[in-house]
Amino acid sequence: MNANTQPADLLAPYQFGTLQLKNRMVMAPLTRSRAEPGNLPSAMAAAYYSERAGAGLIITEATQASPDGQGYVATPGIHSLDQVAHWKQVTDAVHAKGALIFMQLWHVGRISHPDFRDGQLPVAPSAIAPRGVQTYTAEGFKDIPVPRALATNELPRVVADFRHGAENAKAAGFDGIEVHGANGYLLDQFLEDGTNQRTDEYGGSVENRARLLFDVIDAVSEVWGSERVGVRLSPGGSFNDMCDCHPQATFGYVVRRMATLNLAYLHLIEPAITQGEHPNADLSASFFRPFYPGTIIVAGGYDQQRAEEALREGKADLIAFGQLFIANPDLPERFRRGAALNKPNPQTFYGGGAEGYIDYPAMNAEQSEADLEAHPT
Ligand SMILES: Cc1cc2nc3c(=O)[nH]c(=O)nc-3n(C[C@H](O)[C@H](O)[C@H](O)COP(=O)(O)O)c2cc1C
């Protein structure tokens, strides 16, 4: 359901399908590389996520649906019973604070290393290595080798792994799942022609390149119902050495087809204005809005002012914040009060312990008072 009839206020509730959000702020999926042995979510994860449950919707860090899908050290999984039990603590803590939480499911494809794969090569649509990209392993940064192209008869297994992850996410108490189709990981690698040079029914035309993505969407929708499945895309993004010759056509096709599926939402990462192979092509949410009447989440460098503008323009229904949510556990409350924001520290984004994870301060009482005087509500 589109929200055009609902107040376009960042802090106003938002209803879509059977889901009711307390506001239009989304915590973006954020890899923090703090998982524990067994790729269990960190013992601190329940505190980290529940501190940020002022958001209407939280999307978890990217989580591998199978051991095969891992590409960085200490990212959590959702393929073992232990992982399900640990994630259940996270969903319980978030629900106790009144937010909803979706799990982002991924397979990294070529952005991996034999260290994560019992010495085997990473897999991809085609044997093309990302240029100038490294991954972070237990022994530090390592170059990524040329991947092995997946055989056609291996693809049903990839789809089955996503389905299994979706089933486990349900058992762990999530409210839905987000398929990670963005940022140059496996599903995006299939979608874009710079990484997909296959000659089977998963390569060539855009219909073929999108086949694996839609196979996955169909499989996880059987588990959850499509209205609990969101999909993240990064049209025109160049992260992880991605490119597509006709991004408006490729992503236009995908978005139009998604519009027929009654999904929970479409989540778009907008390319930074100065980046990407196609600086002149409009790949913003505004370009896709006419094709997609359902709920759109947009991400990419949003602050309060830009977020409110985006809602007023109607280019998106919900706004995702990444780095601002890392640094400000109480971000919605700070916006409500017009309070100053903590600055994110990139040195502590990935790995380590509590520092930079659960020690960013919430506003204290004095700060709140001062802000209220400056910006009476
Ligand atoms: C530390 C960090 C980790 C991220 N991890 C993920 C991830 O796991 N999945 C994903 O789809 N995007 C990931 N992103 C991208 C963010 O979700 C978001 O799209 C991006 O940071 C732009 O939003 P911002 O400007 O509000 O931070 C990550 C970004 C950062 C900074």
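Strands E8 and E9 form a hairpin, with two residues between them. The structure is a predicted model. Strand E6, at residues 100–106, is largely enclosed by the rest of the structure, because seven of its seven residues are buried. The largest pocket holds about 1400 Å³ of space. Of the 50 residues that line this pocket, Leu30, Asn183, Phe239, Gln323 and Tyr350 are the closest to its centre.

- Strand E9 covers residues 140–143, and its pairing with E8 is antiparallel, over four bridges.
- Within this pairing, Gln134 has Asp143 in E9 as its bridge partner.
- Strand E8 (134–137) also supplies at least two residues of the lining of the largest pocket.

**Strand E6 and its side chains**

- In a regular strand, side chains alternate between the two faces of the sheet.
- In E6, Leu100, Phe102, Gln104 and Trp106 point one way.
- Ile101, Met103 and Leu105 point the other way from E6, and the residues of both sets are all buried.

**Partners of strand E6**

- Strand E4, at residues 57–59, pairs with E6 in the parallel sense through three bridges.
- The bridge partner of Ile59 in E6 is Phe102.
- Strand E5, at residues 63–64, runs parallel to E6 and is joined to it by two bridges.
- Gln64 has Trp106 as its bridge partner in E6.
- Strand E11, at residues 176–180, is also parallel to E6, with four bridges joining the two strands.
- Leu105 finds its bridge partner in E11 at Val179.

**The largest pocket**

- Along with E8, the elements that each supply at least two lining residues are E6, strand E15 (318–321) and helix H10 (323–327).
- By residue class, the lining of the largest pocket divides into 25 nonpolar, 21 polar and four charged residues.
- Among the residues closest to the pocket centre is Gln323, and a polar backbone atom of Gln323 is 2.8 Å from an oxygen atom of the ligand.

**Surroundings of the ligand**

- There are 17 residues around the ligand, of which Pro29, Thr31, Arg232, Gly301 and Gly322 come nearest.
- Thr31 has an N or O atom in its side chain 2.6 Å from an oxygen atom of the ligand.
- For His180, a polar side-chain atom lies 3.2 Å from an oxygen atom of the ligand.

**Helix H11 and Arg337**

- Arg337 is found in helix H11, which covers residues 331–337.
- The relative accessible area of Arg337 is 14%, under the 20% cut-off, so this residue is buried.
- The side chains of Arg337 and Glu333 make a polar contact at 2.7 Å.

**Leu11, ahead of strand E1**

- Leu11 has its place in the segment before strand E1 (14–16).
- With a relative accessible area of 28%, Leu11 is partly exposed.
- Although Leu11 and Met25 are 14 residues apart in sequence, their C-alpha atoms are 7.2 Å apart in space.

Terms used: Residues are numbered from 1 along each chain as its sequence is written. This is a predicted model: local features need pLDDT of at least 70, side-chain atom pairs count only at pLDDT 80 or more; totals for chains, interfaces and linings use all residues. Side-chain values use heavy atoms; hydrogens and water are left out. Buried means under 20% relative accessible area, exposed over 50%, partly exposed in between (1.4 Å probe, protein chains only). Two strands pair if DSSP finds at least two bridges between them. A polar contact is a pair of N or O atoms within 3.5 Å; within protein, one must be able to donate a hydrogen and the other to accept it, and residues adjacent in sequence count only if both atoms are side-chain atoms. On a 1 Å grid over the protein atoms alone, a cavity is a set of points where a 1.4 Å probe fits but cannot get out, and a pocket is an open set with protein on both sides within 12 Å along at least five of seven lines; lining residues have an atom within 4 Å of a point. Grid points are joined across faces, edges and corners, and a volume is the space filled by probe spheres set on the points. Ala, Val, Leu, Ile, Met, Phe, Trp, Tyr, Cys and Pro count as nonpolar, Asp, Glu, Lys and Arg as charged, and the others, Gly among them, as polar. A residue is near a molecule or strand if one of its heavy atoms lies within 4 Å of it.
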